[in-house]
Amino acid sequence: MSEITEKKDFRVRLQRFGSNLSGMIMPNIGAFIAWGIITALFIPDGWLPNEEIAKAVGPMITYLLPLLIGYTGGKMIHDVRGGVVGATATMGVIVGSDIPMFLGAMIMGPLGGYLIKKVDQLFKNRIKSGFEMLVNNFTAGILAAILLMIALKGIGPLVSALITLLSNGVEVIVHAGLLPLASIFIEPAKVLFLNNAINHGVLSPIAVEQAAQTGKSILFLLEPNPGPGLGILLAFCLFGRGSAKRTAPGAAIIHFLGGIHEIYFPYILMKPMLILAAIAGGISGVFTFTIFKVGLVAVPSPGSIFALLAMTPKGNYLGIIAGVLVSAIVSFVVAALIMKTSKNKGEDEDISSAAEKMESLKGKKSSVSSALVESTPSSTEGKEFDYGQVKKIIFACDAGMGSSAMGASIMRNKVNKAEIKDVEVANTSISNLPSDADIVITHKDLTDRAKAKLPNAHHVSVDNFLSSPKYDEIVIKLK
């Protein structure tokens, strides 16, 4: 294997790990913002002090947020069953500690999901038809209880010690005036699509604990600051050429107001030296924040100026706005100098190829690349479904446990007997249909709901989950 391939594989693995970390936080950002709003408004130092409403601040950060993270982490591994076991296991680290257990939840959630997945695989094809619900409920309950006790006695204290160590390390860095140098690592990592991993996986758990103790944390500002990206995009508006200059104004609006930082990454990839502008803007912005001694009450997501201002506590607005403006001005000046002195400044700057490079680095389609390039719509109408590409068959019912579990068991046996490899058969509720399902099998009365939930899958309706000729038809087509 060549060195380039090894580096690419390492980057992919690192991005996948970062995606898993941020994936536990991102779906629950709304709850974090709700906690931040309640904190900013109703604590004694807030805008509208209210002792009764402020009582929710403690329970939310101690119980609600870690449990949501634990549930989401388990659900990422093994759907709802993994989420339930993960959340229950997370309760162990919550009870076993006197500080917010976000890192503990990020450990116990996926661990619970992984272990119940292995237990389900152990019992797969060994459960008599009709006993699926009994076995499923008790295996999940017993495992969750065991994990809770292990977390309470062992993992909770260890994570508490780790969080204390990390928090003390951050305090040392802040007091030494070295925090602005974090931008040297954060800004390049953002362009490599590790921004969410850094922000939500590393900084936010520590920042939330600081905010719970002091009412705010500067760590919330390190990655979401939209100033550096805005300065670079404004430089392209004035000094860019070709499609890059034409798309830069729209990209600036999406970035600064919409908070989608990803949209300015292609501009840096097109001129890699511009990473220096992002770093300079980040350093100057964080330095300004430290001078004003400002912070946010909760994580601002997405990184829009509106989100930053919404999470700003009373008395911190001047410092926040100043930090964003300073970082934007510095990055603009540095980017302008780089663009005016670059050797290929007279060439047309093709943002389309840069967007393709961005998607190659990201490893998947970008949600904002359409704002930079014109896409050609493709139609799949009239195309016959290709059974040769099927990797996942999902049986879905209302609860995702009873009838769909029996139907999945029957189909799984048929697939195994036909010696069809690499096709997963599982069951879930319609509300939790996985996005990567290729075939969704539902009762005819539920098919419309399933289609509305997952319109891109191939849907099959049956009259009876326990006996349907369509099972054999699917197996034949799979072969």
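Let me start with a term: a residue is buried when its relative accessible area is under 20%, exposed when over 50%, and partly exposed in between, using a 1.4 Å probe and protein chains only. By that rule Cys397 is buried, because its relative accessible area is 6%. Cys237, at 21% relative accessibility, therefore counts as partly exposed.

This is a predicted model, where local features need pLDDT of at least 70 and side-chain atom pairs count only at pLDDT 80 or more, while totals for chains, interfaces and linings use all residues. Residues are numbered from 1 along each chain as its sequence is written, and side-chain values use heavy atoms, leaving out hydrogens and water.

Staying with cysteines, the structure holds zero disulfides, a disulfide being a pair of cysteine sulfur atoms within 2.5 Å.

Now the whole protein. Of its 479 residues, 49% are buried. There are 18 helices and four strands, taken as DSSP runs numbered from the N terminus (helices H or I, at least four residues; strands E, at least two).

Which residues of H7 meet H12? They are Ser183, Ile184, Glu187, Pro188 and Val191. Among their partners in H12 are Ile275, Gly282 and Val286.

Definitions and conventions:
Contact means heavy atoms within 4.5 Å.
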